[in-house]
Amino acid sequence: MRHHRARPLHILAIAPVAAMFAGVLGPTPHALAATAKAPSPIVVTVDPGHGGEPTPAHPNISFDPGAIGTNGLLEKDVDLDVGLRLASLLRADLVDVVMTRSTDVYVSAARRVQVSMAHHAALVVSVHAGASTNSGIDGSLVLYPTSASAAFAQTVSDALTAQITTDGVPDAGMALGDAGWLRSPAPVATVEMGYLSNRSDASLMTTAHFRQDVAIGVRDGVEAYMPAIIARRDAIRAWRGGHSGAVLPGSLAPASATIAGTSGFQFGTVIVWLVGISLVGLVLLFRDAVARVLVVLIAVIARLFGGVLGAIMWLRRSAIRSRRRRRRVRTDTGPEQPYRQSGSVYDDIPL
Ligand SMILES: [Zn+2]
């Protein structure tokens, strides 16, 4: 009698196994989206120079303000602002931008290259401002670490000049430099947007207008050197147009990006229901065993709870004991350490 009654429950118990097989063998929503894979965005590293500030409590933490303007402007701040502007311009063209820093933190030269290489960047733009002991020197300069980057640097220099000479910063050309990027397999252009040691350049660098112009000029140079960026942008847009219900590609898509109403979403709901119903079935099928297990569990929890109560009482007693023993504990932490200065505040610019 009992055997016959239990048969539908057996079927329910098999359901989770069936659902798992369906999940493994059948096309998952992810696989369905991948059958027509989205074009992957092109990766570009944006590297705002320098960064970080002295931390009196932790004198061993490195910091690097970069060059300091005649007006007190710190290079690290203008580098970061222009870097963030450049990143958002590139992202608007669906570039996957990797930033070596996006806040005011110190990042070693080796780490910058490491991050860029780990993301397989196609191009690297390092954002800096120059400084010279000769305050008469002005202009924008683009550095390249090896001859392999010369053509990229030239293209960026041309586009940057076209954008900012009207602002009043002349073209200072190109130069071999920025050895920090020697190991980069991707072409590197290190943009020195102007000279902070020059009053006119430093003053311009405080304005949002000039900073945006630098970002626009560099963006134009990057896209002129690599026309694939615009082609890829158009391809991604076209793909999205044809897959309006699909998950966005690569890092452009938030991890939680799902669009309601797709077949994939309903498939997941069916699995959840099957598993839920099956669990209820299992409980009913083995209700005697479940009851026994529950009794044991309750006994164990009761025991544990008793143990915890005992531990709390013990801690309370020992806290009272130690309070009685306690004496003055504060001691001097020793003499102040001098801040560790980073390397030269001047960039690797041939003057
Ligand atoms: Zn710099």
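Me: What makes residues 250–265 a stretch to handle with care in this predicted model?
Reply: Glad you asked! Confidence runs from 0 to 100, and across residues 250–265 the pLDDT stays under 50. The model has 13 contacts beyond four places in sequence for this stretch. Where pLDDT is low, the predicted coordinates should not be read in detail.

Me: Which pLDDT does the model give residues 21–35?
Reply: Residues 21–35 also stay under 50, with eight contacts beyond four places in sequence. For the chain as a whole, the average pLDDT is 80, and 71% of the residues score at least 70.

Me: Why is strand β1 called largely enclosed?
Reply: A residue counts as buried when its relative accessible area is under 20%. Six of the six residues of β1, residues 43–48, are buried, so the rest of the structure largely encloses this strand. Val43, Thr45 and Asp47 point one way, Val44, Val46 and Pro48 point the other way, and all are buried.

Me: How do you know that β1 pairs with β2 and β3?
Reply: Pairing takes at least two bridges between the strands. Four bridges join β1 to β2, residues 96–99, and five join β1 to β3, residues 123–130; therefore each of these counts as a pair. β1 runs parallel to β2, and β1 runs parallel to β3. Thr45 has Val98 as its bridge partner in β2, while Asp47 has Ser126 in β3.

Me: What makes β1, helix α3 and β2 a unit?
Reply: Together, β1, helix α3 (residues 75–92) and β2 make a β-α-β unit, and this unit is right-handed. That word applies because, with the strands pointing away from the viewer, the path over the helix runs clockwise.

Methods:
Residues numbered from 1 in each chain as written. Predicted model: local features only at pLDDT ≥ 70, side-chain atom pairs only at ≥ 80, totals over all residues. Heavy atoms only, no water. Contact = heavy atoms within 4.5 Å. Buried < 20%, exposed > 50% of the residue type's maximum accessible area, 1.4 Å probe, protein only. Helix = DSSP H or I, 4+ residues; strand = E, 2+ residues; numbered from the N terminus.
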